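User: I have not looked at this one before. Can you walk me through it?
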Amino acid sequence: MAVLERGVTFVLGGARSGKSSFAEGLIESSGKEAIYLATGRAWDDEMSARIDHHKARRGVLWTTVEEPLDLVSALEVHAAVGTAVLVDCLTLWVTNLMMAERDVMAETARFAAALPHLKGAVVCVSNEVGLGIVPENRMARDFRDHAGRLHQAVAGAAATVYFVAAGLPLKMKG
Amino acid sequence: MAVLERGVTFVLGGARSGKSSFAEGLIESSGKEAIYLATGRAWDDEMSARIDHHKARRGVLWTTVEEPLDLVSALEVHAAVGTAVLVDCLTLWVTNLMMAERDVMAETARFAAALPHLKGAVVCVSNEVGLGIVPENRMARDFRDHAGRLHQAVAGAAATVYFVAAGLPLKMKG
Amino acid sequence: MAVLERGVTFVLGGARSGKSSFAEGLIESSGKEAIYLATGRAWDDEMSARIDHHKARRGVLWTTVEEPLDLVSALEVHAAVGTAVLVDCLTLWVTNLMMAERDVMAETARFAAALPHLKGAVVCVSNEVGLGIVPENRMARDFRDHAGRLHQAVAGAAATVYFVAAGLPLKMKG
C-alpha cells in the first residue's frame, strides 16, 4: 500500500487512469488536513459534471480551493505545516495559462522552483499527453510541449513520482 | 519468462505494442485448451487484414469464437475448467457497445463483476488510449472515458496485470 | 545512475519526455567518442528551432551527422569501435521513409536486423505514439503501425531498453 511521503509527490497518468483517486487515497491515509486545490473551472456542462463527480468522490473532510492561474500563491497560502494539498491537475492549469495568454514557460518554471520550499505535503496530479500521434494543430503541439517540460521539472523537484495506469501505481522515483 | 497465472490476467498496451502476441504466448505456454474470443468484426478491409494477420499468427491449435457484444455470456460458455480464453480486445468491444447504443457503463460494470467468478483462465487484452491529447470530438472523449473506467475495473478484478510497450511486458500487479 | 551498456540501447518515450536528454547523458557519461545521428531535416521553422535547441544542449564534444533515410549505411560508417552513436529519432525516420515512398516494412526490418552486428555502442531514441485515440486519417494509422512494429523489433534486438516519462527512466529490459 502506497503512503504519502514527505515533500512533493507527483502523480502522472492518462485520462481516466485513476490518478486522482490514487492521489486522494494517499492524502486521506495520511491523516493530514486535506485541501483540494482545483485548477479546473466549470467551462461547460461536461467539465461541470467532472467536477461534481470529483466532489462527490472526495467526501466531506476536504476543503476545496479553486485557483485556475496563480498556483504558486495558492500553494504558499495553503501548503502549511500539517496540511496535505492535492493540486488537480497541472495540464488543466497549463491550458488556463495558455487561454489567459500568460508566459507559460516562465510561470511553469516558477512553479517547479517553488515546490521544494513549501511547508506542507503536496501531491501534484497531471495528465500525460505526449504518447499519441503528433497533433495536427499548432496550439495542441505547444500545449503538449509545455506539459511535457513541466512534467520533467515537477518530477525533478518531487521526492516521489508515480505513473498510474488502469488504477495501478508504478513508482518511478523515491 | 512470464507464465499464465490462475484467474484473470489483464494485458494493457498501445497500438502495435505486441500486447496480443504477449497474451497469446502466455496462453500457448500454459498447455491449456486455447480459445480466442474475438470482439472484432471485419467492418472493412483494414480490419479484415488485421484479423487475418492475427489468425495466421495464432496457428492451428486455437478455437476462434467471435462475439462483438455479449462478452459475459460468451465467457460463461467458454471459460470452462482447463481452458484459457484470450479476449481480444476490450476497446473494440467498447466501440461495438457504443455503435449498438447499449448502456456501456452498465455492460462494462457487469463484465468486470463477472470476471472473478469464471472457471477457466482468462486473459483480457486492451488498448490504452488515454495518453494522448484530449480528442476534439465528444464521442472520442466518451469512448476514452469508458475505456479508462473499464481498464480500472478489470485491473481491480484481475490477479495479474501487465503493461506492454515495444513487445516488453511490465508487471503492474500480481 | 544509469550507465551506457554494451551493444544497442533503446530509449522509448513520449513527446517532451526527456528521452533525448537521458540518451545524451548515457553517452556523455560513457567517455566514448559521441556521434549524433540526426534523422531530422529542418522542414520548417518549428523543426529548425527544435534542432537548434538540441544542438545547444549537446555542447561541443559531439559530431553531428544528418541522415534522413539511409540509417543502416550511416551506422555502418559511424558505429565504429570506441564510438557511441545516438540515433535521434526513429519515428522521424519512419516519417521520412513514408514521405520518400520507400518500402517502410523492408527498410525497418533491415535496420533491426543490422543492429546486433554494429561495432560501436548505439543508442536509438524513439517516440511512443500508440497510446492515444486511433487517428482518423489512414496515413497516421499506417505511421503508428510502422512505428509500433519497428519499436518491437528494435527492443528485441537491443540489450537494454528504457521507457522514459517525465524525465525518469524505467528499465524494461537488460
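This is a predicted model: local features need pLDDT of at least 70, side-chain atom pairs count only at pLDDT 80 or more; totals for chains, interfaces and linings use all residues.

User: How many residues are in contact between chain C and chain A?
Analyst: On chain C 24 residues are in contact, and they meet 20 residues of chain A. The two chains bury about 1700 Å² between them, with 62% of that on carbon and sulfur atoms.

User: Which residues form the salt bridge between chain C and chain A?
Analyst: The count between these chains is 1 salt bridge. C:Arg16 and A:Asp145 form it through their side chains, at 3.3 Å from N to O.

User: Which element gives the largest share of the side of chain C that touches chain A?
Analyst: That is α6(C), with 3 residues. By class, this side of chain C has 11 nonpolar, 8 polar and 5 charged residues.

User: Changing topic: how many salt bridges does the structure hold over all chains?
Analyst: It holds 18. One of them joins C:Lys171 and C:Glu5, whose closest N and O atoms are 3.8 Å apart. C:Lys171 lies in strand β7 of chain C and C:Glu5 in the segment before β1, so the pair ties together parts 166 residues apart in sequence.

User: What is the relative accessible area of C:Lys171?
Analyst: C:Lys171 has 39%, so it is partly exposed. C:Glu5 is partly exposed too, at 31%.

User: And which residue forms a salt bridge with A:Asp142?
Analyst: A:Arg138 does, with the closest N and O atoms 3.3 Å apart. Both residues lie in helix α6 of chain A, 4 residues apart, about one turn of the helix.

Technical notes:
Residues are numbered from 1 along each chain as its sequence is written. Chains are lettered from A and ligands numbered from 1 in the order in which they are written. Side-chain values use heavy atoms; hydrogens and water are left out. Contact means heavy atoms within 4.5 Å. Buried area is the accessible area (1.4 Å probe) that two parts lose on being put together, summed over both. A salt bridge is a side-chain nitrogen of Lys or Arg within 4 Å of a carboxyl oxygen of Asp or Glu. Helices (H or I, at least four residues) and strands (E, at least two) are DSSP runs, numbered from the N terminus. Ala, Val, Leu, Ile, Met, Phe, Trp, Tyr, Cys and Pro count as nonpolar, Asp, Glu, Lys and Arg as charged, and the others, Gly among them, as polar. Buried means under 20% relative accessible area, exposed over 50%, partly exposed in between (1.4 Å probe, protein chains only).
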